[in-house]
Each structure stands twice: as C-alpha cells, then as structure tokens.
Amino acid sequence: MDITINKQDGRLVVALIGDFDNAASTKAQHSLAPVFECDDCDILIDCSQLEYISSSGLRILLSIFKHTHGNGHAAILKGMTDEVEEAIDMSGLMDLFLIEK
C-alpha cells in the first residue's frame, strides 16, 4: 500500500493506493502522522485507488475522523469502489464521513 499526502485547496488530501490490509496498517500509522498533526483543516481521503480495506484500516479511518472532528473540521471520503464502500458501510462508519463523488 502507498499513501500520498498533499495540501490542496485548504484541505489535506490523503490518497490511499492498493490494499489497506493488516500488514499495511503498521506502515500506514507512521505514514499518516502528518494527518494527526494537522489541526486546522479538513481531511479528504481519496479512495479512488484503494482496492481493499481491512478492519485495521477501518480503525485508522475512525481515528482520522475522531481527530479531524475533534478539531472542528470535516473528514471526507472520495472515490470509493463498490467493495470499499460496502466495507465502510458495513462497519457503520459511512455516516460519520462526508462523501464527495
């Protein structure tokens, strides 16, 4: 799994690429450190190249939501495949995030 993080239009854009499985979760926690240091902007999570997400990946999404929401900003999901959207929906997390097509 690869993760890219860029600032764009006043938001922090996080692109998740590949499989967000248990093995990738440890690396992801380190790679996502800038997200948890950002207290002053919305976070857009680009899932357009995310092929799979496991329960550990879902837990990390939840922690991003909690951090962002706790700072009064929005956490946004964009470009989910049907499989990723189904996993996020079944976990009960879909209602927490704003959805951008």
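Guide: Let's start with Lys78, which counts as partly exposed because its relative accessibility is 29%. Here buried means under 20% relative accessible area, exposed means over 50%, and partly exposed lies in between (1.4 Å probe, protein chains only).

Visitor: Good, but what kind of model am I looking at?

Guide: It's a predicted model: local features need pLDDT of at least 70, side-chain atom pairs count only at pLDDT 80 or more, and totals for chains, interfaces and linings use all residues. Residues are numbered from 1 along each chain as its sequence is written, and side-chain values use heavy atoms, with hydrogens and water left out.

Visitor: How many salt bridges does a search of the whole structure find?

Guide: The rule is a side-chain nitrogen of Lys or Arg within 4 Å of a carboxyl oxygen of Asp or Glu. Searching the whole structure that way gives three. Lys78 pairs with Glu100, their closest N and O atoms being 4.0 Å apart.

Visitor: Which residues do the salt bridges with shared partners join into one network?

Guide: Arg11, Lys78 and Glu100. Elsewhere, Lys27 in helix α1 reaches Asp2 in strand β1, 25 residues apart, and the closest N and O atoms there are 3.9 Å apart.

Visitor: Now the sheet. What is the order of its strands?

Guide: Strands (E, at least two residues) and helices (H or I, at least four) are DSSP runs, numbered from the N terminus; two strands pair if DSSP finds at least two bridges between them. This open sheet of five strands reads β1-β2-β3-β4-β5, with mixed pairing. β1 and β5 are the edge strands, each pairing on one side only.

Visitor: In which sense do β3 and β4 pair?

Guide: β3 (residues 42–53) and β4 (residues 75–78) pair in the parallel sense, over four bridges. Asp46 stands opposite Lys78 of β4. β4 also pairs in the parallel sense with β5 (residues 98–100), over three bridges, and there Ile76 has Leu98 as its bridge partner.

Visitor: What is the handedness of the crossover from β3 to β4?

Guide: Point the strands away from you: if the path from the first strand over the helix to the second runs clockwise, it's right-handed. The chain goes from β3 through helix α3 (residues 55–70) to β4, and that β-α-β crossover is right-handed. So is the β-α-β unit made by β4, helix α4 (residues 82–90) and β5.

Visitor: Where does α3 lie?

Guide: Axes are lines fitted to C-alpha atoms, for helices over the stretch in contact, and angles run from 0 to 180 degrees between N-to-C directions. α3 lies across β2, β3 and β4, at about 175 degrees to β3.

Visitor: Last one: which residues of α1 are buried?

Guide: In α1 (residues 22–31), Ala24, Ser25 and Ala28 are buried. They're on the same side of α1 because they cover an arc of only 110 degrees around the axis, judged by the directions from the helix axis to the C-beta atoms. Ala23, Thr26, Gln29 and His30 are exposed on the other side of α1. With contact meaning heavy atoms within 4.5 Å, the buried residues of α1 pack against β1 (2–8), β2 (11–20) and α3.
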